Amino acid sequence: MIFAAGLGTRLKPLTDTMPKALVSVGGDPLLKHVIIKLKNAGFERVVVNVHHFAQQIIDYLAANNNFGLDIRISDESEMLLETGGGIKKAIPLFDADSPVLIHNVDILSNVDLSAFYDLSSNNNATLLVSERKTKRYLLFDEQMNLKGWTNVETGEVKSPYVPLDVEPLQRLAFSGIHVISPFMFPCFDEMPQRFSIIDFYLKFCCNYPLRGYRKTDLRLMDVGKTDTLKEAEQFLQTLSI
């Protein structure tokens, strides 16, 4: 599943007239970069959620014959459902027997998606993480089981384990790429219509082991702001080396 429904406010004024997913990097829309990466990794069915300028994305996919894939649209035009709500709405579009790889549309990386999917196949959920400087971190124990989340600037901690001793835990940054097992789908019934997938993971990590996978040689870029677009083009070139 590709998360393509966001408003892209950090990419204004470009996103005043188009969805973030169709913002061009290196001559092609972000959406195409992710679709081709998924296709090259062997994925055949892709769900794309849409909200902001939804019809533009639908028309773009149609004009490109869905890139030869079985692409299904999860339409959030009426309400942006956030990441967790987006997955919940899209569940009927997934293969009920297969894990689902989730990928943010604005992430460029050197991740081997096929290998990551395969190593995640026996887990309830696997979150791709790395030692990257940020304000917000996921917290894992030595076995890479998810235990919580923290904002190091504010000191806020979220965890079902109360009290949580943060000190011995590993602080790792989330990549926006994860795999979730269909075994977890019934848990979505306990969630509201709109919610963050991180809140979902934090709610259930004490009931079901949710794993992190640390990629030590991860090269990843979040194409979030207009002033990073040129940098993103240079980054793309390094990925092909």
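H103 stands opposite I177 in strand 12 (170–180), with strands taken as DSSP E runs of at least two residues, helices as H or I runs of at least four, and both numbered from the N terminus. On another side of the pairing, I2 stands opposite H103 in strand 6. Before going further, please keep in mind that this is a predicted model, where local features need pLDDT of at least 70, side-chain atom pairs count only at pLDDT 80 or more, and totals for chains, interfaces and linings use all residues. Residues are numbered from 1 along each chain as its sequence is written, and side-chain values use heavy atoms, with hydrogens and water left out.

Let us stay with strand 6 for a moment. Strand 6 and strand 12 run antiparallel and are joined by four bridges, while strand 1 pairs with strand 6 in the parallel sense over two bridges; pairing here requires that DSSP finds at least two bridges between the strands. Why is strand 6 largely enclosed by the rest of the structure? It is because four of its five residues are buried, where buried means under 20% relative accessible area, exposed means over 50%, and partly exposed lies in between, using a 1.4 Å probe and protein chains only.

Helix 3 (residues 82–90) comes next. Its buried residues are G84, G85, G86, I87 and A90. The elements that cover these buried residues include strand 1 (2–3), strand 4 (45–50), strand 5 (70–75), strand 6 (100–104), strand 12 and helix 5 (197–204), with contact meaning heavy atoms within 4.5 Å. E82, also found in helix 3, has a phi near 65 degrees, a positive value in a residue other than glycine. E82 counts as partly exposed, at 38% relative accessibility.

Now for the pockets. On a 1 Å grid over the protein atoms alone, a pocket is an open set of points with protein on both sides within 12 Å along at least five of seven lines, whereas a cavity is a set where a 1.4 Å probe fits but cannot get out; lining residues have an atom within 4 Å of a point. Grid points are joined across faces, edges and corners, and a volume is the space filled by probe spheres set on the points.

The largest pocket has a volume of about 1,300 Å³. Its lining holds 41 residues, and R10, T83, N104, R136 and D222 lie nearest its centre. At least two lining residues come from each of helix 3, strand 9 (136–140), strand 12, helix 5 and strand 14 (220–222). Strand 12 gives the most, with six residues. By class, this lining divides into 17 nonpolar, twelve polar and twelve charged residues, where Ala, Val, Leu, Ile, Met, Phe, Trp, Tyr, Cys and Pro count as nonpolar, Asp, Glu, Lys and Arg as charged, and the others, Gly among them, as polar.

The second largest pocket contains about 370 Å³ of space. Of the 18 residues that line it, F43, E44, R45, P99 and Y117 lie nearest its centre. Strand 4, strand 6 and helix 4 (113–120) are the elements that give two or more residues to this lining.

The peptide bond from K12 to P13 is cis, with omega near 5 degrees, and P13 lies in the loop between strand 1 and strand 2 (24–25). The bond from V162 to P163 is cis too, with omega near -5 degrees.
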